[in-house]
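Work through the following exercises with the model open beside the text. Each task is followed by a solution that goes step by step.

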Amino acid sequence: MALTDASPTEQADPAASSSPSGMGDLYPYATDHRLVVATIDGGDRQLVHLDWSNGRRQTVHALWLRDQCACNRCRHPASLERILDQKSYGLDIFPALVSIDGGQRLFVAWAEGDHISVYAAGWLRHGGRPPIPPARRRPWGAELADGLPRFDFRAVMSRDDALLGWLEVMRETGLAYVEDAPTVEGTVGDLVRRVAYVRETNFGTVFDVVALAESISNAYTSVDLPLHVDLPAREYQPGLQLLHCLSNQTGGGASLYCDGLRLAEKLRADDPAAFDLLARTPVVFRYHDENCDYQMAAPLIGLSENGEVREIRFNPSVMTTADCPPTEIREFHRAYRHFMRLTRDPELLLEWRMQAGDIAVFDNRRVLHGRRAFEAGGGRRHLQGAYLEWEDVESKIRVLRRKIR
Ligand code: OGA
Ligand code: ZN
Ligand code: ZN
């Protein structure tokens with residue numbers, strides 16, 4: 001039987017689905033290349049070789065192919081989720097026949113289960129998954145003051161390309177200003193909802209930063225706020241923070257930012273022993289009041305498996321104790337003080353005075369923020385803040401890229 005003659009049956013034709021890729025996937029999987037030949041490996045019949053028009057050979061496994069069949073029996077056309085029982089075929093399943101249709105589709109007739117699967121070339125070419133855009137984090141220091149990324153509020157709210165531009169910069173620098181926002185309470189929530197959802201905390205959905213006589217946090221006084229990240233006592237510190245300036249008529253109160261990634265790399269270069277200690281010693285953070293008691297133990301410098309700095313968890317005002325033996329305490333504090341000294345290094349510090357209508361947005365797991373003391377009895381200083389999660393930002397970026405790139 002020539003398989004190309006087996007006109008795709010309704011059970012097996014993913015192109016019949018409404019998804020742009022034809023693979024039950026909303027990502028379009030565009031490719032300039034065509035499939036030329038598909039062959040079953042002579043030695044291992046579970047391997048299929050795909051030869052492409054540009055000479056590339058790609059090898060895929062039968063289990064991978066079978067698993068991802070996007071026909072209506074294997075995947076629900078509305079939910080786009082799998083309905084195939086992945087134990088309904090054998091671990092040794094192999095294709096009886098493979099063939100190519102017009103360079104654009106691969107047909108596989110399976111040796112078991114009376115099933116034919118069809119795969120779009122673009123989807124195969126992409127290895128069956130949308131490209132994961134690399135997070136190109138660009139470390140910065142004081143010099144960012146000359147090129148602080150700034151975006152127009154109305155543009156971001158109304159145009160998808162402006163929204164994408166802003167969110168992509170957030171992944172790179174972890175700090176940007178959205179400007180000329182209305183000085184209306186609740187606006188910061190509108191901006192977050194343009195991206196995704198507000199992360200609610202014990203401080204509220206949208207919280208006010210004003211000097212109060214009876215304060216539940218140092219933030220709500222007029223004192224100096226040394227560099228810190230917010231809510232380190234949470235298992236997941238909020239991913240991004242937004243602070244919207246509604247008025248700033250008092251003396252002082254300048255905003256401070258420091259790229260924790262740059263700081264940590266400087267520490268690693270200058271004092272590797274301190275870096276290692278801070279990357280492996282859990283520190284207990286605690287925030288509590290009448291209604292809540294949050295505690296989290298984690299190192300100040302969180303590393304990924306390959307040793308890259310993943311996150312910073314630094315906040316002296318709610319840091320309780322390092323979780324290490326007494327014999328290591330002195331060395332811990334030496335390292336901790338080195339880290340603290342770097343938070344005051346003018347080369348790393350960006351100082352910026354917010355104006356009414358500015359919304360400062362920063363990566364709360366990377367960029368430290370703070371403010372200079374301000375005159376409590378002076379003019380009004382009122383910020384409104386909100387938190388947003390990175391996974392929601394990443395999701396939005398992918399959705400926008402489906403349309404824009
Ligand atoms: C905060 C904070 C900065 C400011 O509320 O956590 O850091 O400028 N505020 O008041
Ligand atoms: Zn199927
Ligand atoms: Zn803060």
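**Exercise 1.** In which loop is the place of Leu-231?

*Solution.* Leu-231 sits in the loop between strand 10 (225-228) and strand 11, where helices (H or I, at least four residues) and strands (E, at least two) are DSSP runs, numbered from the N terminus. This is a predicted model, in which local features need pLDDT of at least 70 and side-chain atom pairs count only at pLDDT 80 or more, while totals for chains, interfaces and linings use all residues. Residues are numbered from 1 along each chain as its sequence is written, chains are lettered from A and ligands numbered from 1 in the order in which they are written, and side-chain values use heavy atoms, with hydrogens and water left out. Turning to the backbone, Leu-231 has a positive phi of about 55 degrees although it is not a glycine. Leu-231 is also buried, because its relative accessible area is 13% (buried means under 20% relative accessible area, exposed over 50%, partly exposed in between, with a 1.4 Å probe and protein chains only).

**Exercise 2.** Which protein atoms are the donors of the zinc ion (ligand 2), and why is their arrangement tetrahedral?

*Solution.* The donors are Cys-69 (SG), Cys-71 (SG), Cys-74 (SG) and His-115 (NE2), lying 2.1 to 2.3 Å from the ion; donors are N, O and S atoms within 2.8 Å of the metal (3.2 Å for Na, K and Ca), and water is not among the atoms, so sites may look incomplete. Along the chain these donors follow the spacing C-x1-C-x2-C-x40-H. The four donor atoms subtend angles of 102 to 115 degrees, and the arrangement is therefore tetrahedral, given that four donors count as tetrahedral if all angles lie between 85 and 135 degrees. Cys-71 counts as buried at 1% relative accessibility, and Cys-74 counts as buried at 2%.

**Exercise 3.** Describe the site of the zinc ion (ligand 3).

*Solution.* This ion is coordinated by His-228 (NE2), Asp-230 (OD) and His-369 (NE2), at 2.1 Å, and the donors follow the spacing H-x1-D-x138-H. His-228 counts as buried at 8% relative accessibility, and Asp-230 is buried with a relative accessible area of 11%.

**Exercise 4.** In what order do the six strands of the open sheet lie, and which helices pack on it?

*Solution.* The order is 7-8-19-11-21-9, with mixed pairing; two strands pair if DSSP finds at least two bridges between them. The edge strands, each pairing on one side only, are strand 7 (150-152) and strand 9 (207-209). Strand 11 (residues 240-248) and strand 21 (residues 381-388) run antiparallel and are joined by eight bridges, and Ser-247 stands opposite His-382 in strand 21. Helix 5 (residues 187-195) packs on the sheet, touching strand 8, strand 11, strand 19 and strand 21, and its direction makes about 20 degrees with that of strand 21 (axes are lines fitted to C-alpha atoms, for helices over the stretch in contact, and angles run from 0 to 180 degrees between N-to-C directions). Helix 4 (residues 160-173) lies across strand 7, strand 8 (175-179), strand 11 and strand 19 (359-363), running at about 150 degrees to strand 8.

**Exercise 5.** How many bridges join strand 5 to strand 6, and which way do the side chains of strand 6 point?

*Solution.* Five bridges join strand 5 (residues 105-110) to strand 6, and the two run antiparallel. They form a hairpin with five residues between them, and Gly-113 in the turn has a positive phi of about 85 degrees. Ile-116, Val-118 and Ala-120 point one way from strand 6, whereas Ser-117 and Tyr-119 point the other way. Five of the five residues of strand 6 (residues 116-120) are buried, so the strand is largely enclosed by the rest of the structure.

Methods. Contact means heavy atoms within 4.5 Å. Four donors count as tetrahedral if all angles lie between 85 and 135 degrees; four count as square planar and six as octahedral if opposite donors are over 155 degrees apart and all others between 65 and 115; anything else is irregular.
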